[in-house]
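Welcome! Please take a look at the structure below, and then we will walk through a helix pair and a strand together.

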Amino acid sequence: MRILLVEDDAHTAAFISKGLREDGHSVDHASDGKQGLFLATTEPYDALVLDRMLPGLDGMTLLRTLRGAGNPVPVLMLTALGETDHRVEGLRAGADDYLVKPFAYAELSARLEGIVHRSQRSGREPTRLKVGDLELDLLARQARREGRRIELQPREFSLLEYLMRHAGQVVTRTMLLESVWDYHFDPQTNVIDVHISRLRQKIDQGFSRPMLHTVRGAGYRLSE
């Protein structure tokens, strides 16, 4: 998993980061709330480990901001405040679980896996799509291939989202007109060809292999 750790105590952050990386996870660390909020809203994460008491922007405010923006990333909140009222406040703000300091790493790991599994089982709409080395973050409205950011116009983003949701399938012009342009007739223009061409340049040019293919006489297919 890719995990964002927002923790201002250097010793605690090193302890958690070491354990997570040894478990095979990728970890980004922010030492204050403002940096944490920036990363959480601009990068795709599978989970967030969030300290409640932070400089710059406290964890509760950060969490409420994320939830208010519709970000459903699973959040495990850490705190030295162990009173029931504090735990309830954190859960009501949108935390998926709450862990009181000090704690054993094994418990943090188990709780983190639990909230991610519950999130996956809940059937939440995915917040990012991935086909091969191409990723689309639906919340941050960003595309990346091999980790390299790709700048897309709004219509290009919608077109790529539709193709990625139907990866491996042949997508016809009619399907694209109805789903991306909301046309229920063919306007007999080259609008699709132009956008496909621009999108192909952005996601394929400069990379080792093409992903967006034209299926002659049928439509288009995005594949690994």
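At what angle do helix α2 and helix α3 pack? Helix α2 (residues 33-42) and helix α3 (residues 59-68) pack at about 20 degrees, and their axes lie 10 Å apart. The axes are lines fitted to C-alpha atoms over the stretch in contact, with angles running from 0 to 180 degrees between N-to-C directions. Angles under 35 degrees count as roughly parallel, so α2 and α3 are roughly parallel to each other.

This is a predicted model, where local features need pLDDT of at least 70, side-chain atom pairs count only at pLDDT 80 or more, and totals for chains, interfaces and linings use all residues. Residues are numbered from 1 along each chain as its sequence is written, and side-chain values use heavy atoms, leaving out hydrogens and water.

On the α2 side, the contact (heavy atoms within 4.5 Å) is made by G33, G36, L37, A40 and T41, and on the α3 side by L62, T65 and L66. By class, this contact of α2 with α3 has 4 nonpolar, 4 polar and no charged residues; Gly counts as polar here, and Ala and Leu as nonpolar.

Now to strand β3 (residues 47-51), where 5 of 5 residues are buried, meaning under 20% relative accessible area with a 1.4 Å probe, protein chains only. A47, V49 and D51 point one way from β3, while L48 and L50 point the other way. Its pairings (at least two DSSP bridges between two strands) are these:

| Partner of β3 | Sense | Bridges |
|---|---|---|
| β1 (residues 2-6) | parallel | 4 bridges |
| β4 (residues 75-79) | parallel | 4 bridges |

Within these pairings, V6 stands opposite L50 of β3, and L48 has V75 of β4 as its bridge partner.

Terms used: Helices (H or I, at least four residues) and strands (E, at least two) are DSSP runs, numbered from the N terminus. Angles under 35 degrees count as roughly parallel, over 145 as roughly antiparallel, 65 to 115 as roughly perpendicular and the rest as oblique. Buried means under 20% relative accessible area, exposed over 50%, partly exposed in between (1.4 Å probe, protein chains only).
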